[in-house]
Amino acid sequence: MTDPFVVIGGDAAGLSAASKLKRERPDRDVIVFEKGSWVSYAQCGMPYYVKGEIGSLRDLLSLTPEEIADRGIDLRRRHEVVAVNVADRTVSVEGESGRFERSYGDLLVATGAHAVADPIAGADLTGAFTMHSMDAAAALRAFLTPPGDGGVDSGDGVTAPDVEYVDAERVERYAAMEPPTSAAIVGGGYVGVEMAEAFGAHDLDVHLFQRPDRLLPEFGEAVGETVAATLADHGVDVRTGTEVERLAGTDRVTAVVTADERVPVDLALIGIGVRPNAGIVDDTPIERGASGAIATDEYGRTTADRVFAAGDCAEARHTVTGESDWVPLGLTANRAGRAVGQTVAGTPTPVGEIAGTAAVKAFEQECGRTGIIDHGRARAAGFDPVSETVTAGSRSGYYPGAAETTVTLTADRETGRLLGGSIVGTDRAAIRIDTLATALESDRTVPELERLDLAYAPPFSPVWDPVLVAAKVLNGRLSDAE
């Protein structure tokens, strides 16, 4: 092999690129180096595996190593790329048989991101978890499950997940412990909210600590307040504006310590964010963006010739600001990887812009967000933001199942351009965010959003969909300001 496509990282972006290139150019050699054992898995499904809604860890695998091999991809797990030499077009790899050099024709850096645990002291104690790996999800579910109640019998009465390359020692250690009765969640973002529901399903006393004054801050005030109230209704002790100083315990977590108190717990889940795994390019001419992720152009190309970056380690162009931004999400990674594979195959394909479109479930509440809602961020991007929040029915009022749906829209006062929005409700609320994401992609103004021809039928929507109601109200405010 003199001109292989080499991919660093075997998850969403990396394997999307490898698979696309192999389909388009079956004659091209493709090598994927993955430092761990897991490849192509659904990270967003892990809270629901821990909860018990997803029965098998295997169900979270998008592709098995065998299926990847069947595609003609040379997948090398437990091989860590430790250096990149863009001048020689080689990578240095630490494998099970030692270190070696591998040349490349084109290179994709798809190293993802890692969970942040600092500055929380005690994050290394037994019983402390971050939710960013399949091994962590497996160990956590084992910890929550009474011995013998699930998984595959390992031969000594201890059960383990049905994937042969799971960290069995870690899983069995937690499976042998008495299940916890109380849990602390540090962080009120996506992971914290989803894990509150997961722990509640196991009848734990759940305490959620959030340093900012509201949950899900990127979703706006209406969503944050609704979610906090919903969690409280389900027995979660929600403490916003509260910073965790450390986890206490000698070997195992025994308490969470804040400035004001010490709360006894048996388990702690740290969900305070992620950072891009971009250190591999530090000693190269490849530039990083302001976020610390790798800077790329519209095709995922880096500042080094024939080197691409995609997924959670890379920046992309934000559709509202037009500037580079970092928003680590699943679709962004898969879409960008596929585009890079197409580009390397000979058909230049943009990776697509990002709007930060996301959804999260908080018990019965469905939450969605897209674009820029925060006024401070909007002003920093050069806009004069104005927002309105409305609550409307999800279906015709006379049709069974109708529920309140709250929509917040933010626009630029001078141009009327839609900048972003959020939605929360219990009846198919989150999926409505896609209407706003599409409007952002086409640079719609609020008046144009109000005139969209959305579908109407009593079982699905009122004549005026909640999105249209919000646009109508915000448009009125913009008109009054003229």
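Mentor: Helices (H or I, at least four residues) and strands (E, at least two) are DSSP runs, numbered from the N terminus. P119 is found in the loop between β8 (113-115) and β9 (128-130). The model is predicted, local features need pLDDT of at least 70, side-chain atom pairs count only at pLDDT 80 or more, and totals for chains, interfaces and linings use all residues. Residues are numbered from 1 along each chain as its sequence is written, and side-chain values use heavy atoms, with hydrogens and water left out.

Trainee: What joins D118 and P119?

Mentor: A cis peptide bond, with omega about 10°. Most peptide bonds are trans.

Trainee: Why is F363 called buried?

Mentor: Buried means under 20% relative accessible area, exposed over 50%, and partly exposed in between (1.4 Å probe, protein chains only). F363 has 12% relative accessibility, so it counts as buried. F363 is found in the loop between β23 (358-362) and β24 (365-371), and its phi is positive, about 55°, although it is not a glycine.

Trainee: What makes R78 partly exposed?

Mentor: Its relative accessible area is 33%, so R78 is partly exposed. R78 is in the loop between β3 (74-77) and β4 (80-85). Phi of R78 is near 55°, a positive value in a residue other than glycine.

Trainee: Why is α1 described as mostly covered?

Mentor: Ten of its 13 residues are buried. Among them are A13, G14 and L15.
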